[in-house]
Amino acid sequence: MKRIAVAAGDRRVQPWHLLIAAAPVVIGVYYWVLSLGDAWAGVQMALFVSANATLAVACLIAARRHRGMRWMLLLLGAAALAAAAGDVIYYILAIIYPQAPVPNVSDIAYLLQYPLMAAGLLLIVRRRTPGWDGASAIDAAIVAVSAGYLAYEFIIAPSMDGSAGLLANVVAAAYPVGDLMLITVGARLMLGAGQRPVPLRMLGGYLALILYADMTYAIQQLNGTYQDGNHLDAVWMAASFLLAAGMLHPAVPVMAAESSTATPDATVGRLAMLAMAASTASTSLIVQVLRHRSPHVLIAGIACNVLFMLVLARMVGLVQAQRLAAITDGLTGLRSRRYFEQSLRTEAIRAARTRHPLSMLLLDIDHFKKVNDTFGHDGGDRVLIEVAHRLGKTVRPGDLVARYGGEEFAVLLPSADHDTATAIAEQVRCGVGAVPIAVGDGRLHRVTVSVGVAFLPVETDDASSLVLYADRALYAAKNAGRDRIAVAEEIIVPTAA
């Protein structure tokens with residue numbers, strides 16, 4: 001993964017700093033104007049809409065600055081514009097009608113922001129983890145199912161009014177469903193692997209504030225306690241200003257940088273959060289029974305079963321990840337020496353039983369200490385990672401490549417005879433040294449390897465002798481001048497006295 005550096009020592013005031021400072025001022029002026037009465041309603045609306053309008057402009061500026069993120073940023077900006085349009089339309093309808101009809105045209109704009117925002121977030125997710133991050137997907141599903149149950153139990157089901165008509169009920173249910181959409185995608189983004197720069201944390205704060213305000217608004221509407229101009233307006237405005245500041249932050253490209261790890265760490269905090277999410281439905285049942293309420297038992301039962309299966313799948317994934325980590329080299333992603341030695345013994349026994357040849361390569365990066373001394377350990381790590389990548393591309397499918405030591409690699413070649421193993425060794429040597437390796441920003445270094453080749457006769461399963469002869473051949477290649485292959489003599493099978 002290419003890390004994008006952001007200067008930590010730059011203390012100059014930047015636009016996103018100014019936006020953070022201006023947000024509480026604008027919100028304060030909004031509430032002051034609100035206290036002046038309906039005569040200032042137009043100014044009130046302008047101040048309220050300014051938050052989403054600022055977010056839309058910030059997304060547009062960011063899209064022009066960071067061309068590679070254009071579509072995801074434009075979608076986020078379009079979602080902000082849809083929300084602002086909904087506010088303006090609702091205000092105009094309130095002027096025309098003493099009591100605006102429900103639902104009305106503003107609902108179209110309000111509801112449009114959810115798929116636009118979700119689409120933008122999905123593009124960021126795909127950029128950060130282009131492969132299938134199953135662990136994060138399961139974690140997000142656990143959060144989404146628990147949130148979906150709460151939304152249904154306390155918002156969707158109570159809002160279904162039989163006298164309101166089908167369209168009104170559909171629109172009423174669409175808002176919590178839209179929030180659930182954002183919860184699902186947002187959880188997938190925040191719980192996924194990869195760096196978490198300031199803009200991504202601001203995006204997470206935006207989602208948390210928006211979801212809190214939306215859910216609280218829905219509950220207050222159901223309870224008949226909602227009043228115009230309460231604290232929720234400040235929450236909605238603060239959320240938009242926060243994300244707008246994040247879009248102007250210089251670390252925006254890091255937000256969509258591809259992750260170097262496919263699976264996030266299973267930290268204590270992460271597992272605690274998942275445990276709380278998984279117990280949501282059952283805890284809700286207990287609370288409602290204690291309060292002498294009638295919960296929706298069928299929906300709760302379905303949610304509990306789905307959560308149980310998701311948690312079980314997550315635990316299976318953790319076990320598999322631990323097993324994989326035990327046999328994988330953490331830097332290069334190749335198999336570990338321990339795994340190689342176990343596989344070598346297994347393949348030696350199989351080769352002796354089936355009377356098929358077995359070969360191995362042992363290779364060493366030439367003058368690797370000089371690489372570390374010249375370019376530092378970061379440069380050395382880049383060389384190791386790239387050599388591992390080139391090895392995987394030059395050997396045959398089914399061959400086992402492992403990191404054997406510091407700068408040593410081993411390749412197990414099942415069913416490879418003398419000619420095949422020698423040809424693969426030469427292919428590996430040429431493949432590694434063909435193109436210089438980037439050891440830093442704009443710095444290239446040509447790397448070569450010395451390769452030792454050894455073969456196991458069909459009459460024996462003595463795997464330790466195969467390693468010994470490959471090691472001797474490797475040293476012969478290095479002593480002969482490096483950047484070459486050396487072939488070990490055939491292993492002599494001990495004869496019975």
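The outward side of helix α10 carries Val268, Gly269 and Met276, which are exposed and turned away from the helix's buried side. The model is predicted, so read each position here as computed from it. Helix α10 spans residues 268-278, and its buried residues are Arg270, Leu274 and Ala277. Seen down the axis of α10, the buried residues fall within an arc of 60°, so they line one face of the helix. The spacing has a simple basis. An α-helix has 3.6 residues a turn, so residues three or four places apart point the same way.

Next comes a pair of helices. Helix α5 covers residues 134-159, and helix α11 covers residues 280-290. Their axes come within 9 Å and cross at roughly 30°. That angle makes α5 roughly parallel to α11, because angles under 35 degrees count as roughly parallel. From α5, the contact uses Ser146, Tyr149, Leu150, Glu153 and Phe154. From α11, it uses Thr280, Ala281, Ser284, Leu285 and Gln288.

Now turn to charged side chains. Side chains of opposite charge can pair when their charged atoms come close. The model holds 10 salt bridges. One of them joins Asp364 and Lys478, with N to O at 3.6 Å. Asp364 sits in strand β1 and Lys478 in helix α16, so this pair ties together parts that are 114 residues apart in sequence. Both Asp364 and Lys478 are buried.

Arg382 pairs with Asp378, and their closest N and O atoms are 3.2 Å apart. Both residues lie in helix α14, four residues apart, about one turn of the helix. Arg382 is partly exposed, at 34% relative accessible area.

The side chains of Arg429 and Asp483 meet at 3.0 Å, N to O. Arg429 belongs to helix α15 (residues 418-433), while Asp483 lies in the loop between α16 and β7, so the pair ties together parts that are 54 residues apart in sequence. Arg429 is buried, with a relative accessible area of 17%. Asp483 is partly exposed, with a relative accessible area of 25%. The pairing extends to one more residue: salt bridges that share partners join Glu426, Arg429 and Asp483 into one network.

Asp483 also stands out in its backbone. Its phi is positive, about 55°, although Asp483 is not a glycine. Most residues other than glycine have a negative phi, and most peptide bonds are trans. The loop that holds Asp483 runs between α16 (463-479) and β7 (485-487).

His367 is found in the loop between β1 (358-365) and α14 (368-394).

Last, the cysteines. A disulfide is a covalent bond between the sulfur atoms of two cysteines. The count of disulfides in this model is zero. Cys59 counts as buried, at 1% relative accessibility. Cys430 is partly exposed, with a relative accessible area of 36%.

How values were computed
Residues numbered from 1 in each chain as written. Predicted model: local features only at pLDDT ≥ 70, side-chain atom pairs only at ≥ 80, totals over all residues. Heavy atoms only, no water. Buried < 20%, exposed > 50% of the residue type's maximum accessible area, 1.4 Å probe, protein only. Helix = DSSP H or I, 4+ residues; strand = E, 2+ residues; numbered from the N terminus. Arc of directions from axis to C-beta. Disulfide = S-S within 2.5 Å. Salt bridge = Lys/Arg side-chain N within 4 Å of Asp/Glu carboxyl O. Axes fitted to C-alpha atoms, helices over the stretch in contact; angles between N-to-C directions. Parallel < 35°, antiparallel > 145°, perpendicular 65-115°, else oblique. Contact = heavy atoms within 4.5 Å.
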